[in-house]
Amino acid sequence: MTHPTQRGVFITLEGIDGAGKTTQFEAVVGALRAAGRTVVATREPGGTPIGERIRALLLSEPMHYATEALLMFAARQEHVLSVIEPALLRGEVVVCDRFTDATLAYQGAGKGLPIDRLEALANWVHPGLAPDLTFLIDVPVELAAQRLRAQARIADRFERESAEFFARVRGHYLALAAAEPLRWVIVDGTRDLESVRDDLVHHMRKILQEPV
Ligand code: TMP
């Protein structure tokens, strides 16, 4: 259902690398579309031509941590202004593979940048905009590492981080979820794909207040 005067719904998916988030992202988008929803399926970093070019740099080029954080927000600024906000204003459902919570977890907890600076950037780049619903696909660091090793492709710059790094990122995600339980849904990502997907669809039904 889209109604021109009704703001859309902003859903994000988060989790450490190897959590299975991208597979579930496709399931969530598919379920919404099958239910007749107009969905903008997008990702960060990326989601716009400039954002995708920034993503390519971020995933491949070594850089200072602050540069990395600023590039995340530069890509996000384009994304919010040209994709996310317009879609929400049209009353559509935006499903985004990662958003600012990823910056707090990866660049903040993972790389040690001050959280208050990252929050100040978030307030500049998207004042008043936060996801309505965030799924945390949660898996232990060892399982995520195992899944990454099983992938056919070469690991990117982020996927090559240490187990300690991912433990900090996971811990921060769990803390964010605990601090805002109405927005976050923690999904046990260790189970089979169908069970995880069923969980996600069940929770989406609640927020969209009609069958998905
Ligand atoms: P992806 O694997 O979900 O496509 O994301 C690419 C990588 O970018 C992933 O390792 C997490 C990282 N990332 C950050 O470090 N900070 C951010 O703000 C975002 C959006 C992603």
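The largest nonpolar core of this predicted model has 52 residues, of which I16, L32, V95, Y106, F135, Y173 and M204 touch the most other members. A nonpolar core is taken here as a set of buried Ala, Val, Leu, Ile, Met, Phe, Trp, Tyr and Cys residues joined through side-chain atoms within 4.5 Å; buried means under 20% relative accessible area, exposed over 50%, and partly exposed in between, with a 1.4 Å probe and protein chains only. Helix α7 (residues 163-179) gives the most to this core, with six residues. Helices (H or I, at least four residues) and strands (E, at least two) are DSSP runs, numbered from the N terminus. A second, separate core holds 11 residues, among them V80, V83, I84 and L88.

Residues are numbered from 1 along each chain as its sequence is written. In this predicted model, local features need pLDDT of at least 70 and side-chain atom pairs count only at pLDDT 80 or more, while totals for chains, interfaces and linings use all residues; side-chain values use heavy atoms, with hydrogens and water left out.

We can turn next to helix α1. Helix α1 covers residues 21-34, and its 14 residues reach 20 Å from the first C-alpha to the last, close to the 20 Å expected at 1.5 Å a residue; the expected span is 1.5 Å times one less than the number of residues. The buried residues of α1 are K21, Q24, F25, A27, V28, V29, A31 and L32. Their cover includes β1, β2 (39-43), β3 (93-97), β4 (133-138) and α8 (193-208). After α1 comes G36, with a positive phi near 90 degrees.

Strand β1 (residues 9-14) contains E14, which counts as buried because its relative accessibility is 0%. Leaving out residues up to four places away in sequence, E14 touches K21, R98, F99, D101, A102, T134, F135, L136, I137, Y173 and W184, where contact means heavy atoms within 4.5 Å. With Y173, the side chain of E14 makes a side-chain polar contact of 2.6 Å. A polar contact is a pair of N or O atoms within 3.5 Å; within protein, one must be able to donate a hydrogen and the other to accept it, and residues adjacent in sequence count only if both atoms are side-chain atoms.

The ligand is surrounded by 15 residues, the closest being D17, R55, R98, T103 and Q107; a residue is near a molecule if one of its heavy atoms lies within 4 Å of it. Oxygen atoms of the ligand lie 2.8 Å from a polar side-chain atom of D17 and 2.6 Å from a side-chain N or O atom of T103. A ligand nitrogen atom is 2.8 Å from an N or O atom in the side chain of Q107. The protein covers 95% of the 470 Å² of accessible area that the ligand has on its own, by the Shrake-Rupley method with a 1.4 Å probe.

K111 sits in the loop between α4 (100-110) and α5 (115-125), and it counts as buried because its relative accessibility is 10%. Apart from neighbours within four places in sequence, K111 contacts Y65, E68, Y106, R157, F158, E161 and F165. The side chains of K111 and E68 make a polar contact at 2.8 Å. Y106, for its part, touches residues including G15, I16, D17 and R98.
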